[in-house]
Amino acid sequence: MRYGIFRGNKKLTGQIDNWSELCVNNQIISHHMQEKQTMEERLWDFIDGLSDAEEKSAIQKLIEENLEWKRAYHELLEAHQLLHQTDLEQPSMRFTRNVMEEIAKYKVAPATSTYINKKIIWGIGGFFLIMIVGFLIYGFSQINWTAASGNDPLSQVNVDKLNWSRFFSSTYTNIFMMINVILGLVLLDLYLHRKKEKAREEVS
Amino acid sequence: MQGSLTDTEIISRVLKGEQPLFANLVERYQNYVFTLVLRFVEGREDAEELSQDIFVKAYRSLADFRGESKFSTWLYTIVRTSCITFLRKRKLDTTSIDNEKTYLQLESQESNFKANSIEAKSRQAMVNQAINLLSPGDAQLITLFYKGEQTLEEIGTIIGIDPNTVKVKLHRARQRLREKMEKYFSHEVRDIQGE
């Protein structure tokens, strides 16, 4: 039994020894791979002409003096040249004619910037701005500034006790809302009309 | 005479109503567009149809080309969006073109390519086959950089990412391409290196 435990421990210790050795080996391998990766990245930059003058001369020196760099450089250069030599795929002989027959049915669409009318954008922006400003003016005009005795006038406003229906049942508010709604509908109509015109133009 | 016109000159004349001149642009870029589409779409028929649609789209929105970039960069942006839309319509999961599902599909193709590797007689054919084994995202990056004559900044504009990220992605794509070449065309690669 003791012998068994001893043997087991020894086996375990042995495994740990191997394991730590394995870890060290892995570290060496990963370090080597990282170095190789950096070397390849620098060489690709050199081949693509992306390195600066200083880096260029440093790599040229490394290629001349270091056998590993020289071998890797020639390998990558070979791959680079091969990639440049590859042929492009060719479509069928009728390709251009097919495209030209197809485009004969169409007209060049007007540039996006021309049919997205800036006036409409400004109009919509203005509509919302008028609404916000209108509501703010109306809201402020309803506040009784003199009644506030404290420093903070907002603390005097009891939101729960506010009579909201008073704001929205006023004739002026209703008129203001109606004008805004009509303005909005006019803008929408303008937009849809232009869109319809454009579609008609394309069909003709 | 018309062949010597620049892209911008052709575009301004097409916009003025000289529709037949658009054929020059089609001639000039059809191979680039078709190759890029083939990186996304399997089958030449589908790729050709989609390439035609791309040129029609480009023609229709030609007025939107403001000349801020090269025409090719603008066109490749249409290629990319059209391909992604096409794949979505095909009910393929294209949330990421580099996703696992795409890889799985490609992995299943690999055995066929391996069997046909003997047929890869020329270097170009071998590289093209290896590019086809990559994910569409990697294949597209390599094609744009090497064949589409696009800079890292321009590729960034097309894909919608930062040029530095493009650089990192391109580096990884080339690394994966070399792995594929070593895995499936080791014999041919040795022949090339031995020359």
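Tutor: In this predicted model, the second largest cavity holds about 40 Å³ of space, and it belongs to a set of four cavities of 30 Å³ or more in the structure. Its lining draws on both chains, with A:Trp44, A:Ala79, A:Leu82 and A:Leu83 on one side of the list and B:Val127, B:Arg174, B:Leu177, B:Arg178 and B:Met181 on the other. Two elements give two or more residues to this lining, namely helix H3 (67–85) of chain A and helix H9 (163–184) of chain B. The largest share, four residues, comes from H9(B). By residue class, the lining of this second largest cavity divides into seven nonpolar, no polar and two charged residues, and B:Arg174 and B:Arg178 are among the residues that line it.

Chain B has ten helices and zero strands, so its elements, read from the N terminus on, run α-α-α-α-α-α-α-α-α-α. Of the 195 residues of chain B, 53% count as buried, and among its contacts with a separation of 6 or more, residues 24 or more positions apart account for 63%. The chain exposes about 9,700 Å², of which carbon and sulfur atoms supply 49%.

The packing can then be followed into the largest nonpolar core, which has 77 residues, and in which A:Leu43, B:Phe22, B:Tyr29, B:Val37, B:Phe55, B:Phe71 and B:Ile142 touch the most other members. Helix H2 (residues 22–40) of chain B supplies the largest share of this core, twelve residues. In soluble globular proteins, nonpolar side chains tend to be buried together. As one detailed case, B:Phe22 touches A:Met100 and A:Ile103 in chain A as well as B:Val14, B:Phe55, B:Tyr59 and B:Leu62 in chain B, when residues up to four places away in sequence are not counted.

A last point concerns the backbone of chain B, where B:Glu149 has a positive phi of about 50 degrees although it is not a glycine. B:Glu149 lies in the loop between helix H7 (136–146) and helix H8 (152–159) of chain B, and because its relative accessibility is 54%, B:Glu149 counts as exposed, the cut-off for that class being over 50%.

Definitions and conventions. Residues numbered from 1 in each chain as written. Chains lettered and ligands numbered in written order. Predicted model: local features only at pLDDT ≥ 70, side-chain atom pairs only at ≥ 80, totals over all residues. Heavy atoms only, no water. Core = buried A, V, L, I, M, F, W, Y, C linked by side-chain atoms within 4.5 Å. Buried < 20%, exposed > 50% of the residue type's maximum accessible area, 1.4 Å probe, protein only. Contact = heavy atoms within 4.5 Å. 1 Å grid on protein atoms, 1.4 Å probe; cavity = no way out; pocket = protein on both sides within 12 Å on 5 of 7 lines; lining within 4 Å. Points joined across faces, edges and corners; volume = space filled by probe spheres on them. Nonpolar A, V, L, I, M, F, W, Y, C, P; charged D, E, K, R; others polar. Areas by Shrake-Rupley, 256 points an atom, 1.4 Å probe, with all protein chains shown as cover.
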